Amino acid sequence: MLTTMTLPLHVSVRSRSWCCYASLSVPQPQAEPQLLNGNSGGRLADRKEIRLGLPSKGRMSADTLELLKNCQLSVKQVNPRQYVAEIPQLSNLEVWFQRPKDIVRKLLSGDLDLGIVGLDTLSEYGQSSEDLITVHEALEYGDCRLSLAIPQYGIFENVNSLEELAKMPQWTEERPLRVATGFTYLGPKFMKENGLKHVTFSTADGALEAAPAMGIADAILDLVSSGTTLRENNLKEIKGGVVLESQAVLIASRKSMIQRKGVLETTHEMLERLEAHLRAIGQFTVTANMRGSSAEEVAERILSQPSLMGLQGPTVSPVFCKHDGKVTADYYAIVICVPKKALYKSIQQLRAIGGSGVLISPLTYIFDEETPRWRQLLSELGL
Ligand SMILES: Nc1ncnc2c1ncn2[C@@H]1O[C@H](COP(=O)(O)OP(=O)(O)OP(=O)(O)O)[C@@H](O)[C@H]1O
Ligand SMILES: O=P(O)(O)OC[C@H]1O[C@H](OP(=O)(O)OP(=O)(O)O)[C@H](O)[C@@H]1O
Ligand SMILES: [Mg+2]
């Protein structure tokens, strides 16, 4: 059943600062935790374990476990019906399986310290809270967008943008545009920011796409990924109607990171592993042999090609052979990382400069000397 509601008109947008921080070591939080203003009413000191919230069901669930497994952080669940589990590699950590919206709520109440949810859920239920910090904003799954959609037919047939929708004479104070959405915070905020005055919202738990055909709403605001559900219900997206682009994100409670022992260290380790894995999945390792007079001369040839720069430049090692009893290096082995998308171009460029015996292998992790997101996080925490 659809229910109408009043517009929350408070709009606040969190500002982020991106300045750099010199040290990359994990700063130590204050010795004794302070009181939390959580719904749990509990003191931060009441529990010693660190809690990570993961989606218990739905489309985020399996992909989240898969990502963690690929980071060598497999979640060990004794019983699939149990809501608590562990990641043996992360000591003192409890995994709690929760619905995505409850992960955000429990981070706010202090009952969880870390969580993985979609940006859409974070934005809707986190409502720009200063206490929620996005540690990794692009975990590369759960891609979808929160988008306004209207019927393809009737009075909307020639309406293709938010501007055109706003200008329709039909919407008045007495007869506002009726939008069905589960996003009752982001929906009104978006309409207000875009100057749509005569709008009311109704909410339902699912199958929103049916609302226009049932005559309950004029438009819907919902998640879209392939667009199939919209098309099959004769609905269309409009220009300027995307509220946000979403994917899975790692989030943490500011209070927990600052006050609870071990949370910052665990966050650091998770971030490092996630970054190392996510950076590696877009790359191949390429090894090849190349004839040359010296390592420098070979390196110069490689660096003359734009697709062969590697992460920090090529590794060039002599391949020693014995001719007439004399050991010489006529060949050099080169190792570079190339983006998967540029693989064929890289091979062409390698061949063009005399590369042979090209071997391609997958890359598992790329650990950088420092992780930019960690610097950013410390800066956001004022550490
Ligand atoms: N069509 C989609 N394609 C890709 N990702 C999606 C899609 N719909 C939702 N998501 C992402 O998955 C998250 C969880 O969606 P899911 O439908 O599994 O749970 P839910 O909608 O929160 O739960 P429920 O449907 O039981 O209320 C969303 O918050 C969003 O980030
Ligand atoms: O663009 P598409 O690929 O068609 O996906 C969009 C649909 O996916 C989500 O629903 P979900 O399957 O999660 O069902 P729900 O409404 O029960 O949450 C969303 O609410 C849309 O209905
Ligand atoms: Mg859903």
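Select ligand 1 and the backbone of Arg59: a polar backbone atom of Arg59 is 2.9 Å from an oxygen atom of the ligand, a polar contact in the sense of a pair of N or O atoms within 3.5 Å. Within protein, such a contact also needs one atom able to donate a hydrogen and the other able to accept it, and residues adjacent in sequence count only if both atoms are side-chain atoms.

This is a predicted model, in which local features need pLDDT of at least 70 and side-chain atom pairs count only at pLDDT 80 or more, while totals for chains, interfaces and linings use all residues; side-chain values use heavy atoms, without hydrogens and water, residues are numbered from 1 along each chain as its sequence is written, and chains are lettered from A and ligands numbered from 1 in the order in which they are written.

Next, show the side chains of Lys57 and Thr121. A polar side-chain atom of Lys57 lies 2.7 Å from an oxygen atom of ligand 1, and an N or O atom in the side chain of Thr121 is 2.9 Å from an oxygen atom of ligand 1. Taken alone, ligand 1 exposes 620 Å², of which the protein buries 74% (accessible areas by the Shrake-Rupley method with a 1.4 Å probe; for residues, only the protein chains shown count as cover).

Now select the shell around ligand 1, meaning residues with a heavy atom within 4 Å. Of its 13 residues, Lys57, Arg59, Asp120, Thr121 and Ser225 come nearest. By class, the shell has three nonpolar, five polar and five charged residues; Ala, Val, Leu, Ile, Met, Phe, Trp, Tyr, Cys and Pro count as nonpolar, Asp, Glu, Lys and Arg as charged, and the others, Gly among them, as polar.

Colour by domain, with bounds from an automatic or database domain assignment. Domain 1 (50–142 + 248–261) and domain 2 (144–243) both give residues to the shell around ligand 1, so ligand 1 lies between them. The assignment also gives domain 3 (283–362), and the C-alpha centres of domain 1 and domain 3 lie 42 Å apart.

Move to ligand 2. Which residue has a polar side-chain atom 2.4 Å from an oxygen atom of ligand 2? Arg59 does. An N or O atom in the side chain of Glu209 is 2.7 Å from an oxygen atom of ligand 2, and a polar backbone atom of Ser225 is 2.8 Å from one. Taken alone, ligand 2 exposes 500 Å², and the protein buries 63% of that.

Strand E10 (219–224) and helix H6 (228–232) each supply at least two residues of the shell; E10 gives the most, with three.

Technical notes:
Helices (H or I, at least four residues) and strands (E, at least two) are DSSP runs, numbered from the N terminus.
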